[in-house]
Amino acid sequence: MVGLVEYGSRALLNAAFGPESTGELDRADPMLDTSDSSMLLLADAAFDARLPERGDAA
């Protein structure tokens, strides 16, 4: 499971579940569409691995 939680209210904005054979990056990728440029995203170091692939600034 990968979740996207708002820090102040602790509201769950999005979550993705899947088998262990699917990596957390595959589950987290669709959740990036939940956030926008006004949000600060805190994630562990491995989650930026797909930024260049999506065309975002690294």
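**Briefing: a predicted chain with two strands and two helices**

Met1 touches Ala15, Ala16, Phe17 and Arg27, leaving out residues up to four places away in sequence; contact means heavy atoms within 4.5 Å. This is a predicted model, where local features need pLDDT of at least 70, side-chain atom pairs count only at pLDDT 80 or more, and totals for chains, interfaces and linings use all residues. Residues are numbered from 1 along each chain as its sequence is written, and side-chain values use heavy atoms, with hydrogens and water left out.

**Layout and confidence**

- The chain has 2 helices and 2 strands. Helices (H or I, at least four residues) and strands (E, at least two) are DSSP runs, numbered from the N terminus.
- Along the sequence the pattern reads β-β-α-α.
- Mean pLDDT for the chain is 79, and 81% of its residues reach 70 or more. pLDDT is the predictor's confidence in each residue, from 0 to 100.
- Among the elements, strand S2 (residues 12-16) has the highest mean pLDDT (91), and helix H2 (residues 51-54) the lowest (58). Where pLDDT is low, the predicted coordinates should not be read in detail.

**Surface and burial**

- The accessible surface of the chain is about 4,600 Å², and 54% of it belongs to carbon and sulfur atoms. Accessible areas come from the Shrake-Rupley method with a 1.4 Å probe; for residues, only the protein chains shown count as cover.
- Of the 58 residues in the chain, 10% are buried. Buried means under 20% relative accessible area, exposed over 50%, and partly exposed in between (1.4 Å probe, protein chains only).
- Met1, Val5, Leu12 and Phe17 make a nonpolar surface patch of about 480 Å². Patch residues have over 30% relative accessible area and no salt bridge; like charges are joined within 9 Å, nonpolar side chains (Val, Leu, Ile, Met, Phe, Trp, Tyr) within 5 Å. A salt bridge is a side-chain nitrogen of Lys or Arg within 4 Å of a carboxyl oxygen of Asp or Glu.
- Val5 sits in strand S1 (residues 2-5). Val5 counts as partly exposed because its relative accessibility is 48%.
- Met1 lies in the segment before S1. Its relative accessible area is 57%, so Met1 is exposed.

- The largest nonpolar core has 5 residues: Val2, Leu4, Ala16, Ala28 and Met31. Such a core is a set of buried Ala, Val, Leu, Ile, Met, Phe, Trp, Tyr and Cys residues joined through side-chain atoms within 4.5 Å.
- Val2 is in contact with Asn14, Ala15, Ala16, Glu24, Arg27, Ala28, Met31 and Phe47, leaving aside neighbours within four places in sequence.
- Met1 and Phe17 are 16 residues apart along the chain, yet their C-alpha atoms are separated by 4.5 Å.
- Leu25 and Phe47 are 22 residues apart in sequence and 6.5 Å apart in space, C-alpha to C-alpha.
- Leu25 belongs to helix H1 (residues 24-28). Leu25 counts as partly exposed because its relative accessibility is 24%.

**A loop residue**

- Arg10 is in the loop between S1 and S2. Its relative accessibility is 68%, so Arg10 counts as exposed.
- Phi of Arg10 is near 60°, a positive value in a residue other than glycine. Most residues other than glycine have a negative phi.
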